[in-house]
Amino acid sequence: MPACALRRDMEDTDPSQSLTDEVAAHREPSEDVGPLFVNRWSPRAMTGEPLDESAYRPLFEAARWAPSSRNSQPWRFAYAARGDDEWETFVDLLHDFNRSWAADAAVLAVLFSKTTDGEGHTLSAHSFDAGAAWENLALEGTRRGLVVHPMGGFDHEAAAERLDAPASYDVEAMIAIGERAPTDSLPEDLREQEAPKGRKPLDEIVSRGGF
Ligand SMILES: Cc1cc2nc3c(=O)[nH]c(=O)nc-3n(C[C@H](O)[C@H](O)[C@H](O)COP(=O)(O)O)c2cc1C
(Lines give C-alpha, C1' and ligand atoms only; values in the text may rest on other atoms or scores of the structure.)
Protein backbone atom coordinates (compact mmCIF):
# COMPACT_ATOMS: atom_id res chain seq x y z
CA MET A 1 0.00 0.00 0.00
CA PRO A 2 1.48 3.42 -0.91
CA ALA A 3 2.32 5.81 1.96
CA CYS A 4 -0.59 8.20 1.32
CA ALA A 5 -3.19 5.38 1.11
CA LEU A 6 -1.76 3.79 4.26
CA ARG A 7 -2.04 7.09 6.14
CA ARG A 8 -5.61 7.69 4.89
CA ASP A 9 -6.67 4.15 5.86
CA MET A 10 -5.22 4.51 9.35
CA GLU A 11 -6.62 7.99 9.95
CA ASP A 12 -10.13 7.26 8.63
CA THR A 13 -10.70 3.93 10.37
CA ASP A 14 -11.33 3.33 14.04
CA PRO A 15 -9.81 -0.16 14.38
CA SER A 16 -12.19 -0.94 17.27
CA GLN A 17 -15.20 -0.29 15.02
CA SER A 18 -14.39 -1.66 11.58
CA LEU A 19 -11.72 -3.48 9.62
CA THR A 20 -9.07 -1.31 8.01
CA ASP A 21 -9.03 -1.57 4.19
CA GLU A 22 -5.62 -3.22 4.41
CA VAL A 23 -6.86 -5.94 6.77
CA ALA A 24 -10.17 -6.43 4.91
CA ALA A 25 -8.18 -7.16 1.75
CA HIS A 26 -6.48 -10.14 3.45
CA ARG A 27 -8.70 -11.38 6.27
CA GLU A 28 -12.29 -12.50 6.46
CA PRO A 29 -13.61 -13.47 9.90
CA SER A 30 -15.99 -16.45 9.76
CA GLU A 31 -18.09 -15.20 12.71
CA ASP A 32 -19.20 -11.77 13.92
CA VAL A 33 -16.32 -10.69 16.19
CA GLY A 34 -15.02 -7.31 17.36
CA PRO A 35 -12.91 -5.84 14.52
CA LEU A 36 -10.00 -5.10 16.88
CA PHE A 37 -9.10 -8.81 17.10
CA VAL A 38 -8.89 -9.10 13.32
CA ASN A 39 -7.17 -5.74 12.84
CA ARG A 40 -4.26 -6.77 15.05
CA TRP A 41 -1.38 -8.05 13.00
CA SER A 42 2.40 -7.79 13.07
CA PRO A 43 3.78 -5.29 10.56
CA ARG A 44 7.54 -4.73 10.48
CA ALA A 45 7.88 -1.33 8.77
CA MET A 46 8.35 1.41 11.37
CA THR A 47 9.43 5.03 11.01
CA GLY A 48 12.49 4.94 13.28
CA GLU A 49 11.05 7.96 15.10
CA PRO A 50 10.76 8.12 18.90
CA LEU A 51 7.34 8.02 20.56
CA ASP A 52 6.29 10.16 23.47
CA GLU A 53 5.92 8.12 26.66
CA SER A 54 2.22 9.07 26.74
CA ALA A 55 1.76 7.24 23.42
CA TYR A 56 3.05 3.86 24.58
CA ARG A 57 2.55 3.76 28.36
CA PRO A 58 -1.17 2.91 27.95
CA LEU A 59 -0.12 -0.32 26.22
CA PHE A 60 1.53 -1.49 29.45
CA GLU A 61 -1.56 -0.33 31.35
CA ALA A 62 -3.69 -2.57 29.12
CA ALA A 63 -1.34 -5.46 29.88
CA ARG A 64 -1.80 -4.80 33.61
CA TRP A 65 -5.49 -5.72 33.36
CA ALA A 66 -4.90 -9.20 31.99
CA PRO A 67 -6.27 -12.13 34.01
CA SER A 68 -3.83 -14.50 35.71
CA SER A 69 -3.91 -17.60 37.82
CA ARG A 70 -4.78 -16.60 41.40
CA ASN A 71 -4.22 -13.00 40.23
CA SER A 72 -0.48 -13.66 40.50
CA GLN A 73 0.27 -11.14 37.69
CA PRO A 74 3.59 -12.81 36.89
CA TRP A 75 4.37 -10.56 33.88
CA ARG A 76 7.19 -8.06 33.93
CA PHE A 77 8.13 -5.77 31.05
CA ALA A 78 11.63 -4.29 30.85
CA TYR A 79 11.96 -1.79 28.01
CA ALA A 80 14.09 0.86 26.43
CA ALA A 81 12.80 3.76 24.36
CA ARG A 82 14.80 5.11 21.42
CA GLY A 83 17.28 7.61 22.83
CA ASP A 84 17.60 5.89 26.22
CA ASP A 85 21.11 4.93 27.40
CA GLU A 86 19.98 1.28 27.32
CA TRP A 87 18.62 1.38 23.74
CA GLU A 88 21.64 -0.33 22.15
CA THR A 89 21.59 -3.04 24.84
CA PHE A 90 18.07 -3.98 23.73
CA VAL A 91 18.87 -3.75 19.99
CA ASP A 92 21.94 -5.96 20.50
CA LEU A 93 19.76 -8.74 21.98
CA LEU A 94 17.97 -9.21 18.66
CA HIS A 95 18.97 -11.88 16.18
CA ASP A 96 20.22 -10.39 12.91
CA PHE A 97 16.95 -11.00 11.02
CA ASN A 98 14.90 -9.15 13.62
CA ARG A 99 17.51 -6.41 14.03
CA SER A 100 17.19 -5.65 10.29
CA TRP A 101 13.73 -4.18 10.85
CA ALA A 102 13.08 -3.93 14.63
CA ALA A 103 15.95 -1.46 15.10
CA ASP A 104 13.46 1.07 13.65
CA ALA A 105 11.10 0.63 16.62
CA ALA A 106 10.48 3.42 19.12
CA VAL A 107 10.31 0.99 22.05
CA LEU A 108 11.84 -2.45 22.52
CA ALA A 109 10.51 -4.47 25.44
CA VAL A 110 11.42 -7.84 26.91
CA LEU A 111 8.54 -9.69 28.52
CA PHE A 112 9.51 -11.85 31.51
CA SER A 113 7.28 -14.05 33.65
CA LYS A 114 7.79 -14.96 37.28
CA THR A 115 7.92 -18.72 37.68
CA THR A 116 7.43 -18.93 41.47
CA ASP A 117 5.32 -17.12 44.06
CA GLY A 118 6.55 -15.49 47.27
CA GLU A 119 6.76 -18.89 49.04
CA GLY A 120 8.76 -20.45 46.21
CA HIS A 121 5.82 -22.50 44.86
CA THR A 122 5.76 -22.92 41.09
CA LEU A 123 3.34 -20.66 39.22
CA SER A 124 2.39 -23.25 36.65
CA ALA A 125 0.45 -20.78 34.47
CA HIS A 126 3.16 -18.10 34.34
CA SER A 127 3.68 -18.30 30.57
CA PHE A 128 -0.05 -18.55 29.85
CA ASP A 129 -0.63 -15.44 31.97
CA ALA A 130 2.21 -13.52 30.32
CA GLY A 131 0.67 -14.40 26.95
CA ALA A 132 -2.61 -12.84 28.03
CA ALA A 133 -0.77 -9.68 29.09
CA TRP A 134 1.03 -9.56 25.74
CA GLU A 135 -2.24 -9.79 23.82
CA ASN A 136 -3.83 -6.99 25.88
CA LEU A 137 -0.80 -4.84 25.09
CA ALA A 138 -0.99 -5.68 21.39
CA LEU A 139 -4.72 -4.94 21.15
CA GLU A 140 -4.30 -1.55 22.84
CA GLY A 141 -1.46 -0.77 20.43
CA THR A 142 -3.68 -1.75 17.50
CA ARG A 143 -6.45 0.47 18.84
CA ARG A 144 -3.95 3.34 18.81
CA GLY A 145 -2.70 2.59 15.30
CA LEU A 146 0.76 1.51 16.44
CA VAL A 147 2.90 -1.39 15.25
CA VAL A 148 3.23 -3.99 18.00
CA HIS A 149 5.31 -6.95 16.86
CA PRO A 150 6.26 -9.92 19.11
CA MET A 151 9.61 -11.67 18.63
CA GLY A 152 11.16 -14.90 19.81
CA GLY A 153 14.30 -14.37 17.74
CA PHE A 154 16.71 -12.87 20.25
CA ASP A 155 19.28 -13.99 22.78
CA HIS A 156 17.15 -15.09 25.75
CA GLU A 157 20.11 -15.78 28.04
CA ALA A 158 21.71 -12.43 27.33
CA ALA A 159 18.36 -10.71 27.95
CA ALA A 160 18.12 -12.21 31.44
CA GLU A 161 21.75 -11.44 32.20
CA ARG A 162 22.09 -7.93 30.77
CA LEU A 163 18.73 -6.75 32.12
CA ASP A 164 19.49 -8.14 35.59
CA ALA A 165 16.47 -10.46 35.72
CA PRO A 166 16.23 -12.39 39.00
CA ALA A 167 16.58 -16.19 38.66
CA SER A 168 12.86 -16.65 39.37
CA TYR A 169 11.94 -15.02 36.04
CA ASP A 170 11.71 -16.70 32.62
CA VAL A 171 12.31 -14.77 29.42
CA GLU A 172 9.19 -14.98 27.24
CA ALA A 173 9.44 -12.66 24.24
CA MET A 174 10.60 -9.31 22.91
CA ILE A 175 8.16 -6.75 21.57
CA ALA A 176 8.81 -3.98 19.05
CA ILE A 177 6.52 -0.95 19.27
CA GLY A 178 6.58 1.95 16.86
CA GLU A 179 4.87 4.09 14.31
CA ARG A 180 3.90 2.44 11.05
CA ALA A 181 5.90 3.25 7.94
CA PRO A 182 5.29 2.38 4.27
CA THR A 183 6.34 -1.11 3.16
CA ASP A 184 9.02 0.19 0.78
CA SER A 185 11.00 1.45 3.79
CA LEU A 186 11.77 -2.21 4.65
CA PRO A 187 14.77 -4.19 3.43
CA GLU A 188 13.79 -5.70 0.05
CA ASP A 189 13.50 -9.31 1.26
CA LEU A 190 10.85 -8.36 3.83
CA ARG A 191 8.50 -6.32 1.64
CA GLU A 192 6.60 -9.30 0.25
CA GLN A 193 5.71 -10.55 3.75
CA GLU A 194 4.33 -7.19 4.91
CA ALA A 195 0.63 -8.15 4.88
CA PRO A 196 -1.89 -9.52 7.38
CA LYS A 197 -1.85 -13.33 7.41
CA GLY A 198 -4.85 -15.64 7.39
CA ARG A 199 -5.75 -18.31 9.92
CA LYS A 200 -6.78 -21.98 10.06
CA PRO A 201 -10.52 -22.52 9.68
CA LEU A 202 -12.47 -22.37 12.94
CA ASP A 203 -13.45 -26.07 12.74
CA GLU A 204 -9.77 -27.01 12.77
CA ILE A 205 -9.17 -25.40 16.15
CA VAL A 206 -12.41 -26.08 18.01
CA SER A 207 -14.42 -29.25 18.44
CA ARG A 208 -17.54 -29.90 20.47
CA GLY A 209 -17.23 -32.91 22.81
CA GLY A 210 -13.49 -33.52 22.75
CA PHE A 211 -11.02 -33.91 19.88
C1 LIG B 1 6.03 -15.98 20.53
C2 LIG B 1 6.17 -15.31 19.17
C3 LIG B 1 7.41 -15.20 18.61
C4 LIG B 1 7.55 -14.56 17.37
N5 LIG B 1 8.81 -14.36 16.86
C6 LIG B 1 8.97 -13.58 15.76
C7 LIG B 1 10.26 -13.20 15.33
O8 LIG B 1 11.28 -13.56 15.95
N9 LIG B 1 10.37 -12.41 14.25
C10 LIG B 1 9.28 -11.97 13.54
O11 LIG B 1 9.45 -11.23 12.59
N12 LIG B 1 8.02 -12.29 13.95
C13 LIG B 1 7.84 -13.08 15.04
N14 LIG B 1 6.58 -13.38 15.49
C15 LIG B 1 5.40 -12.91 14.75
C16 LIG B 1 4.62 -14.07 14.11
O17 LIG B 1 5.32 -14.54 12.99
C18 LIG B 1 3.21 -13.59 13.76
O19 LIG B 1 2.54 -13.23 14.95
C20 LIG B 1 2.42 -14.68 13.05
O21 LIG B 1 2.98 -14.96 11.80
C22 LIG B 1 0.97 -14.29 12.85
O23 LIG B 1 0.91 -13.09 12.13
P24 LIG B 1 0.19 -11.78 12.69
O25 LIG B 1 0.77 -11.47 14.04
O26 LIG B 1 0.55 -10.71 11.67
O27 LIG B 1 -1.27 -12.04 12.76
C28 LIG B 1 6.41 -14.06 16.69
C29 LIG B 1 5.15 -14.20 17.29
C30 LIG B 1 5.02 -14.81 18.52
C31 LIG B 1 3.64 -14.89 19.13
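Predicted model: local features only at pLDDT ≥ 70, side-chain atom pairs only at ≥ 80, totals over all residues.
## A tour of pocket, ligand, cavity and rings

About 580 Å³ of space lies in the largest pocket.

**Stop 1: the largest pocket.** Select P29, S30, V38, R199 and K200. Of the 18 residues that line the largest pocket, these lie nearest its centre. Now colour two helices, α3 (35-39) and α10 (202-205). Each of them gives at least two residues to the lining of the largest pocket. What classes of residue make up this lining? The lining of the largest pocket has 8 charged residues, 7 nonpolar and 3 polar.

Next, look at individual atoms. Start with the side chain of S42. One of its N or O atoms is 2.5 Å from an oxygen atom of the ligand. Move to R199. Here a polar side-chain atom lies 2.8 Å from an oxygen atom of the ligand. Then pick K197, where a polar side-chain atom is 3.0 Å from a ligand oxygen.

How much of the ligand does the protein cover? On its own, the ligand has 620 Å² of accessible area, and the protein covers 66% of that.

**Stop 2: the cavity.** The lining of the largest cavity is made of 5 nonpolar residues, 2 charged and 1 polar.

**Stop 3: aromatic rings.** The structure has 3 aromatic pairs. Select one of them, Y56 and Y79. Two values describe a pair of aromatic rings: the distance of the centres and the angle of the planes. For Y56 and Y79, the centres are 5.4 Å apart and the planes make an angle of 75°. Is this pair stacked or edge-to-face? Planes over 60 degrees apart count as edge-to-face, so Y56 and Y79 are an edge-to-face pair.

Now zoom out and follow the chain between the two rings. Y56 is in helix α4 (residues 53-64), and Y79 is in strand β1 (residues 75-81). The two residues are 23 apart, and their pair links distant parts of the chain.

**Stop 4: two backbone angles.** Select N71, in the loop between α4 and β1. N71 is not a glycine, yet its phi is positive, at about 55°. Finish at D164, in the loop between α8 (156-162) and β4 (169-179). D164 is not a glycine either, and its phi is positive too, at about 60°.

Technical notes. Residues numbered from 1 in each chain as written. Heavy atoms only, no water. Polar contact = N/O pair within 3.5 Å; in protein donor to acceptor, adjacent residues only side chain to side chain. Areas by Shrake-Rupley, 256 points an atom, 1.4 Å probe, with all protein chains shown as cover. 1 Å grid on protein atoms, 1.4 Å probe; cavity = no way out; pocket = protein on both sides within 12 Å on 5 of 7 lines; lining within 4 Å. Points joined across faces, edges and corners; volume = space filled by probe spheres on them. Helix = DSSP H or I, 4+ residues; strand = E, 2+ residues; numbered from the N terminus. Nonpolar A, V, L, I, M, F, W, Y, C, P; charged D, E, K, R; others polar. Phe/Tyr/Trp six-rings, centres within 6.5 Å; stacked < 30°, edge-to-face > 60°.
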